[in-house]
Amino acid sequence: MREKKKIYLLPALLPPFLCLFLALVAYFASIPISYFFSPLNRIDSIFDLAVTPDIFHTCRSILYLVVFGLWYSHICFPGWTRTFGAPVERKTAERVLRAKYMHPLPYLFLLPLGFCLRYMLTAFLYTLQNLFPGAMEKYSSAIREMTTADASVLYLISGIFLLPLAEEIIFRGVTLHFAKKALTALPAVIFSAFCYALYNLNLFESSFALIFGLILGFLKEKSGGILPPLLLHMTFSLAIYLQPKKFMGSTAGSVLVLVCAMLLSLALTFLSFRFYDGKRPFRSARQDTSASDSLKQP
């Protein structure tokens, strides 16, 4: 029986590669859209046109949401939302789970946690640049991409709302769902974080994505729903536009921001996880027979 469940690792590995394919589709779909919205007097033909980043990211996010949203709705949608016709015991367990899942207290910790994690990442990269300018020169474009972002309305919508929602459905929804069918909960979270890092295809982004994916995966497993990690992810994406870069021009300033952000991140992560600890400890899906856990199975 245990060996048979290993087959679920295959669909768990599929999302990163499917994302790559969908990104290619979105890129080619963005070419005519970019051509349509570009000034025609500056373009001789469609083949001379570079894809506009905000249009590409929006198309990619929408494509992710359509494909993986349909997938997730069929196999991973939380069972506690389907209460009509359920037994009395199940409805009672659903009310308990919903009351804790929708409690506002952990969300008050998650909002500043997203900013602290973003500031920690930015301060770390600025510190590396200040300490090792020569060694980090070849990574300057990647660092610039991770610490700055375009401010167009379309880019804001896709970067703060659409893409985080799509990524949470993909990795904390579909990937983690299938990984838990083959592994116990803790290795499944690590596996989903690895897939999230693989999806980024960038040395710096993948390194941090692994850590960020672990935090999001643990939060999803402890809270039992996708809303807490989604809120954290959206806040993290929003914080890139609200960074205290004037404090990071010097090595001392970037180190100070790094230390403060790290300490606050640890404290807020502890407080967020502490709230959910009593509801869902790390257990394998097949061992978890409690009423609240049975509601989360499709």
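Modeller: Start with a term: accessible areas come from the Shrake-Rupley method with a 1.4 Å probe. By that method the protein chain exposes about 15,100 Å². Carbon and sulfur atoms supply 72% of this area. Keep in mind that the model is predicted.

Now the background. The chain has 298 residues, and 49% of them count as buried. Its secondary structure comes to 12 helices and zero strands. Take the contacts between residues at least 6 apart in sequence: 78% of these join residues at least 24 apart.

Next, confidence. The mean pLDDT is 78, and 72% of the residues reach 70 or more. Among the elements, helix α10 (residues 227-238) has the highest mean, 93, while helix α12 (residues 291-294) has the lowest, 43. Over residues 279-298 the pLDDT is below 50, yet this stretch has 46 contacts beyond near neighbours in sequence. Residues 40-48 also stay under 50. There the model has eight contacts beyond four places in sequence.

Now to your request. Side chains of opposite charge can pair when their charged atoms come close.

Take E168 and R172. Their closest N and O atoms are 2.8 Å apart. Both residues sit in helix α7 (residues 153-182). They are four residues apart, so about one helical turn separates them. Are they buried or exposed? The cut-off for buried is under 20% relative accessible area. E168 has 0%, so E168 is buried. R172 is also at 0% and counts as buried.

The other bridge joins E221 and K180, at 3.0 Å from N to O. Which helices does this pair tie together? E221 lies in helix α9 and K180 in helix α7, so the bridge links parts that are 41 residues apart in sequence. E221 is buried, with a relative accessible area of 2%. K180 is at 12% and counts as buried too.

The patch is formed by L13, F17, F194, L198, L210 and I211. Together they have about 530 Å² of accessible area. Of these, F17 lies in helix α2.

Key. Residues numbered from 1 in each chain as written. Predicted model: local features only at pLDDT ≥ 70, side-chain atom pairs only at ≥ 80, totals over all residues. Heavy atoms only, no water. pLDDT = per-residue confidence, 0-100. Helix = DSSP H or I, 4+ residues; strand = E, 2+ residues; numbered from the N terminus. Contact = heavy atoms within 4.5 Å. Patch = residues over 30% accessible without salt bridge, like charges linked within 9 Å, V, L, I, M, F, W, Y side chains within 5 Å. Salt bridge = Lys/Arg side-chain N within 4 Å of Asp/Glu carboxyl O. Buried < 20%, exposed > 50% of the residue type's maximum accessible area, 1.4 Å probe, protein only.
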